[in-house]
Amino acid sequence: MKKWTIPVSIMIILCSFSLWFLQDRFFRDKPLGEAEAISRIEELYNGQVEHIKKRGENYEIVFFRGGATYAIELNQHTQQVSNLKIKKPANKLLTEQEIRPRALAHTPGVIDSVTLTDTTYMVQIKKEDMVKKLTLDAYTGKVLTEVEVQQATEPDEGTSVISKQQAIQIALQQLNGEVDSVDYEKTEDGGYYLVEIETDKDEAVFQIHAVSGKVLSVTWDNDH
């Protein structure tokens, strides 16, 4: 072996190591912090992280979604997820027939409407001149919130551009199906209608401005 090949080989090794060090030090993605890992999983799975623990280059994360508890691993460098497992299966959603007596046990009266949204039921109960809106957990039937509202009648023709029937027609233009319920809520800007429509495949609640007739929001029942 020629004498000059040894220094050249050493230089090549040193240059290669230096290049690797620079790439690892300056060009490698910054590892995810714990808060970033939590945000990443909650955004990806639309759930809520209950526990996180770092083990090696991975985060071991436990999160809750849709009534079930899951465990997953997240690499702090590549952000790749792996080993998704169900730790606790979701309980079955209560039916409307099961949720009604629970709501009445909490607030006696006449149920005006029942609406399921994701994992909660919204139940409106009337008793004489009082109206209460209850939010109940769809899995356990537990009352989460209770709001007393002023009972409102349909708006007068002189103060509203659209009637109850017109609000129904506007909603049916968005989703052609069977009208389940129609409620009017009085507000300072003219009030709005809540029109619930159901088909064989979909169910949605349309919030329609009582003056302009504009569809303010649509709440879809994804579990229908």
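How many bridges join β11 to β12? Five bridges join these antiparallel strands. The model is predicted: local features need pLDDT of at least 70, side-chain atom pairs count only at pLDDT 80 or more, and totals for chains, interfaces and linings use all residues. Residues are numbered from 1 along each chain as its sequence is written, and side-chain values use heavy atoms, without hydrogens and water.

Strands (E, at least two residues) and helices (H or I, at least four) are DSSP runs, numbered from the N terminus. Two strands pair if DSSP finds at least two bridges between them. An open sheet is formed by four strands in the order β9-β10-β11-β12, with antiparallel pairing. β9 and β12 are its edge strands, each pairing on one side only. Within the sheet, glutamine 207 stands opposite serine 217 of β12.

Helix α4 spans residues 164-174, and its buried residues (under 20% relative accessible area, 1.4 Å probe, protein chains only; exposed is over 50%, partly exposed in between) are Ala167, Ile168, Ile170 and Ala171. They fall within an arc of 160° seen down the axis, so they line one face of α4. The arc is taken from the directions from the helix axis to the C-beta atoms. Their cover includes β9, β10, β11 and β12.

The structure holds four aromatic pairs. Rings of Phe, Tyr and Trp (its six-membered ring) pair if their centres lie within 6.5 Å; planes under 30 degrees apart are stacked, over 60 edge-to-face, the rest tilted. Phenylalanine 206 and tryptophan 220 are edge-to-face, because their ring centres lie 6.3 Å apart and their planes make 75°. Phenylalanine 206 is buried at 1% relative accessibility. Tryptophan 220 is partly exposed at 38%.

Conventions: Contact means heavy atoms within 4.5 Å.
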